[in-house]
Amino acid sequence: MTGQIRFCKTFDGVRLAYSQAGRGPPMLEVATWLNHLEHDWKSPVWGPRLAELTAHYTLTRYDGRGCGLSERKVKDLTFEACLRDLEAVVDAAGLTQFILLGCCQGTGLAIAYAARHPDRVSHLILYGAFARGRLKRDPSPQDIDEANTMLKLVEIGWGRDNPAFRQVYTTLFIPESKPEQYRWFSEMQRLSTTAENAVGLIRAFDAMDVTDEMPEVRSPTLVLHARNDSRVPFAEGHLVASSIPNAEFVPLESRNHILLEHQPAWRQFFDEVARFIRDHRTIGDASEIDFLDLTVREREVLDLIARGLDNVQIATQLSVSAKTVRNHINSIFSKLGTPSRALAIVRAREAGFGSAPAGTQKRA
């Protein structure tokens, strides 16, 4: 599921790791410093999210400079260098037009890329967005002291075996987490990058300001933001949505900066993204977008239908009852607007379902 990991080089020779996985409309997610291509899939924080995205989209991801599997020893950690990295990955992955997903630190990069490459970005999706770093929001002396204190905490405690310092960040990002998620996120900070790189990246994005680029964005844009986000103020997300022409703004009920699978806002996020992409069909074959309404389980069932399995065989394959399979099939037909199994098979095969041999489907 992780996809094959590949490498490319940036304008200044830094080696970046990227991967592609999934099926459906092409989507690229902008890197942050809290990702790792290899370990993310094992994480109870990132794993379910990646499974959901790759079930519906062909997802391209990459580790930013100084992070994950990308080259760690780099001197230039500026915003512009990170933006050039995004451009390099797009070219290396052969993407011509795609959905651009930016979260947290990645939102500023996504905004700047969309403004500078309007022909490439079919849809711009932003979550936890800010266009101004914390030191560009008319900070008070207290705000500056707080920013410097957080940098010192990172510098002292990021790479230590003792997670006490990293837990400050964990609490800010996922206050509504389960114990396993909390432990994983704290450990992920240590795995994702070094203390030196984390400090350099935080400094760069604290000083970021892309407010002048927001009016230049021409792609259909969806901005989602947790109403009680502990990391990025709700007002910053609203500012982004009001500054990008015709952008939609969707508030989510959560305290988390990173949404987790057990939260109602997690499901709302994916439903809103699918709805928005479906409403703005400007990418590839529109038939691909029709399948975004299907759940992960319904996509499994449809894949088995497209391979020619009957209901009893599907029930056996998925270890569910025949009645459950019938319910899934009725839901699939309703969502796709297909009156018969034969037509559903034709449409599914045209969209790439049923390509693997029977018996190889993995359960969600």
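Helix α4 spans residues 141-157 and helix α5 spans residues 166-173. They pack at about 130 degrees, and their axes lie 9 Å apart. Axes are lines fitted to C-alpha atoms, for helices over the stretch in contact; angles run from 0 to 180 degrees between N-to-C directions.

Which residues of α4 and α5 make the contact? Helix α4 brings M150, L153, V154 and G157, while α5 brings R166, V168, Y169 and L172. Contact means heavy atoms within 4.5 Å. Six of these residues are nonpolar, one is polar and one is charged. Here Ala, Val, Leu, Ile, Met, Phe, Trp, Tyr, Cys and Pro count as nonpolar, Asp, Glu, Lys and Arg as charged, and the others, Gly among them, as polar.

## About the model

This is a predicted model: local features need pLDDT of at least 70, side-chain atom pairs count only at pLDDT 80 or more, and totals for chains, interfaces and linings use all residues. Residues are numbered from 1 along each chain as its sequence is written, and side-chain values use heavy atoms, leaving out hydrogens and water.

## The sheet

Eight strands form an open sheet with mixed pairing. Their order is β1-β2-β4-β3-β5-β6-β7-β8. The edge strands, β1 (5-9) and β8 (248-252), each pair on one side only. From one strand to the next, the twist averages 20 degrees. Strands (E, at least two residues) and helices (H or I, at least four) are DSSP runs, numbered from the N terminus. Two strands pair if DSSP finds at least two bridges between them.

β1 pairs with β2 (residues 15-22) in the antiparallel sense, over five bridges. C8 stands opposite L16 in β2. Helix α3 (residues 105-116) lies across β5 (98-103) and β6 (121-127). It runs at about 145 degrees to β5.

## Inside the fold

The largest nonpolar core has 67 residues. L28, L100, L124, L126, V240 and I244 touch the most other members. Such a core is a set of buried Ala, Val, Leu, Ile, Met, Phe, Trp, Tyr and Cys residues joined through side-chain atoms within 4.5 Å. A second, separate core of 27 residues includes I125, L224, V250 and F276.

Buried means under 20%, exposed over 50%, partly exposed in between (1.4 Å probe, protein chains only). Leaving aside neighbours within four places in sequence, N197 is in contact with G66, R72, V74 and L77.
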